[in-house]
Amino acid sequence: MQKGDDAYNIISKAIVKKLYTARCFGKGHMLIERFKSGLPSHFKGDVNSVLKDLIKKDIILPYGKTKYGFAVYLNIKKIKEIEEIIMK
């Protein structure tokens, strides 16, 4: 999946927007499985690769493993990039 691809932009926007509206900064976190809900079925297979790319960019930070699964949250230091992704 390419960064300039429409599917990449749709998935990254959905992930970041879901974390942003839930106010997952710092202490707030969300399980990775939640990102697949609300997306069309043909995008669900690409969620993990987009998520890994957002973690590499430090837009999303790993919270760690909870008893329900792996969780992530938004990096408050990258708020301008986060709002830029949402506004695309």
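Leaving out neighbours within four places in sequence, Ser12 touches Val50, Leu54 and Ile85, where contact means heavy atoms within 4.5 Å. Before you start: this is a predicted model, so local features need pLDDT of at least 70 and side-chain atom pairs count only at pLDDT 80 or more, while totals for chains, interfaces and linings use all residues. Residues are numbered from 1 along each chain as its sequence is written, and side-chain values use heavy atoms, with hydrogens and water left out.

**Exercise 1.** Find out where Ser12 sits and whether it is buried or exposed.

*Solution.* Start with the element: Ser12 belongs to helix H1. Helices here are DSSP runs of H or I with at least four residues, strands are runs of E with at least two, and both are numbered from the N terminus. Next, check the cover. Ser12 is buried, because its relative accessible area is 2%; buried means under 20%, exposed over 50%, and partly exposed in between, using a 1.4 Å probe and protein chains only.

**Exercise 2.** Describe the overall build: which elements are there, and in what pattern?

*Solution.* Count first: you get three helices and three strands. Now walk along the sequence, and the pattern reads α-β-α-β-β-α. Then look at the dimensions. The C-alpha trace spans about 30 × 30 × 20 Å along its principal axes. The radius of gyration is 12 Å, which agrees with the value near 12 Å for a compact globule of 88 residues; it is taken over C-alpha atoms, and the globule rule is 2.2 Å times the number of residues to the power 0.38. Finally, 36% of the 88 residues count as buried, and of the contacts between residues at least 6 apart in sequence, 59% join residues at least 24 apart.

**Exercise 3.** Work out the strand order of the sheet and name its edge strands.

*Solution.* The sheet is open, has three strands and runs in the order E1-E3-E2 with antiparallel pairing. Its edges are E1 (30-31) and E2, each pairing on one side only. Strands count as paired if DSSP finds at least two bridges between them.

Take the joins one by one:
- E1 and E3 are linked by two bridges and run antiparallel; Met30 has Val72 as its bridge partner in E3.
- E2 and E3 (residues 70-74) pair antiparallel over five bridges; Lys65, for one, is bridged to Phe70.

As a reminder, strands of a sheet pair through backbone hydrogen bonds, either parallel or antiparallel. Four of its five residues are buried, so E3 is largely enclosed by the rest of the structure.

**Exercise 4.** Trace the surroundings of Gly64: which residues does it contact, and which one stands opposite it?

*Solution.* Skipping neighbours within four places in sequence, its contacts are Gly69, Phe70 and Ala71. Of these, Ala71 in E3 stands opposite Gly64. Gly69 sits in the turn of the E2-E3 hairpin, which has four residues between the strands, and has a positive phi of about 150 degrees.

**Exercise 5.** Compare the backbone and exposure of Arg23 and Asp58.

*Solution.* Arg23 has a positive phi near 55 degrees, and Asp58 has one near 65 degrees. Now locate them. Arg23 is in the loop between H1 (6-21) and E1, whereas Asp58 is in the loop between H2 (47-56) and E2. As for exposure, Arg23 is exposed because its relative accessibility is 67%, while Asp58 is partly exposed at 38%.
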